[in-house]
Amino acid sequence: MSRIASNQLNDLAQDLPRVVQALQRTGINKIIWIHGTFAGDEFGGFFRQLGHYSPLLSKRLRYLKKLGVDKISGQYGNFPETYIKTVDEIIQSVGAPSKSPPITSNRFSWSGENHHIGRLDGVFALIDHLSHLSKTMAGGERILLIAHSHGGNLLAMLTLLAQADRK
């Protein structure tokens, strides 16, 4: 069980059936959680630079850093796997009507660097992630993006880029 306080779990469990039904009515069957600043997998740009020379080592160090961040910060500014797993378990316990696909969720991890280039890099990685994800989706399925802190700025920039593409 994650570090979610028991009173938060009780509130979530009481409110979730209504929320899940509303999500299903709007066709949402995927939730993507996006962490905020400093909760990412980067160490001041070092791992990104290391990736030019050793992609495998960079990937492994990013993974280890994210594990450490999750352990230390928990759900503060962050959506650790334990949090998402707990929310998923509650969502699955609510159940979906037979005609609705189950709602699943995962997290999107970006560097978490507190500067514009780090966030812009995160936006392009998010676009790539959403592009790959959309190839597995059926018509009418929708994604809900939930972000904390500067993760929300990724969504704002994504919206601006999407709008610019239309013009």
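Leaving aside neighbours within four places in sequence, which residues is Pro102 in contact with? They are Asn29 and Gln92, where contact means heavy atoms within 4.5 Å. This is a predicted model, in which local features need pLDDT of at least 70, side-chain atom pairs count only at pLDDT 80 or more, and totals for chains, interfaces and linings use all residues. Residues are numbered from 1 along each chain as its sequence is written, and side-chain values use heavy atoms, with hydrogens and water left out.

**Overall fold**

- The protein has six helices and three strands. Both are DSSP runs numbered from the N terminus: helices are H or I with at least four residues, strands are E with at least two.
- Along the sequence, the pattern reads α-β-α-α-α-β-α-β-α.
- Of the 167 residues, 38% count as buried. Buried means under 20% relative accessible area, exposed means over 50%, and partly exposed lies in between (1.4 Å probe, protein chains only).
- Take the contacts between residues at least 6 apart in sequence: 78% of them join residues at least 24 apart.
- The accessible surface is about 10,100 Å², and 59% of that belongs to carbon and sulfur atoms. Such areas come from the Shrake-Rupley method with a 1.4 Å probe; for residues, only the protein chains shown count as cover.

**Helix 4**

- Helix 4 covers residues 81–94, which is 14 residues.
- Helix 4 reaches 20 Å from its first C-alpha to its last, close to the 20 Å expected at 1.5 Å a residue. The expected span is 1.5 Å times one less than the number of residues.
- Its buried residues are Tyr83, Ile84, Thr86, Val87, Asp88, Ile90 and Ile91.
- An α-helix has 3.6 residues a turn, so residues three or four places apart point the same way.

**The largest pocket**

- About 320 Å³ of space lies in the largest pocket. On a 1 Å grid over the protein atoms alone, a pocket is an open set of points with protein on both sides within 12 Å along at least five of seven lines.
- The pocket has 15 lining residues, and the closest to its centre are Asp41, Arg62, Ser109, Trp110 and Ala125. A lining residue has an atom within 4 Å of a point.
- Two or more lining residues come from each of helix 2 (46–53), helix 3 (55–73), strand 2 (104–108) and helix 5 (116–134).
- Helix 5 gives the largest share, four residues.
- By type, the lining holds four nonpolar, five polar and six charged residues.

- Pro101 is partly exposed, at 36% relative accessible area. Pro102 is also partly exposed, at 47%.
- Pro101 and Asn29 are 72 residues apart along the chain, yet their C-alpha atoms are separated by 6.4 Å.
- Pro102 and Val20 are 82 residues apart in sequence and 9.8 Å apart in space, C-alpha to C-alpha.

- Leu133 lies in helix 5 and is buried, at 14% relative accessible area.
- Beyond neighbours within four places in sequence, Leu133 is in contact with Lys30, Ile32 and Ile143.
- The C-alpha atoms of Leu133 and Lys30 are separated by 9.8 Å, although the two are 103 residues apart along the chain.
- Ser149 lies in the loop between strand 3 (142–147) and helix 6 (150–166). Ser149 is partly exposed, at 44% relative accessible area.
- Phi of Ser149 is near 55°, a positive value in a residue other than glycine. Most residues other than glycine have a negative phi.

Key. On a 1 Å grid over the protein atoms alone, a cavity is a set of points where a 1.4 Å probe fits but cannot get out, and a pocket is an open set with protein on both sides within 12 Å along at least five of seven lines; lining residues have an atom within 4 Å of a point. Grid points are joined across faces, edges and corners, and a volume is the space filled by probe spheres set on the points. Ala, Val, Leu, Ile, Met, Phe, Trp, Tyr, Cys and Pro count as nonpolar, Asp, Glu, Lys and Arg as charged, and the others, Gly among them, as polar.
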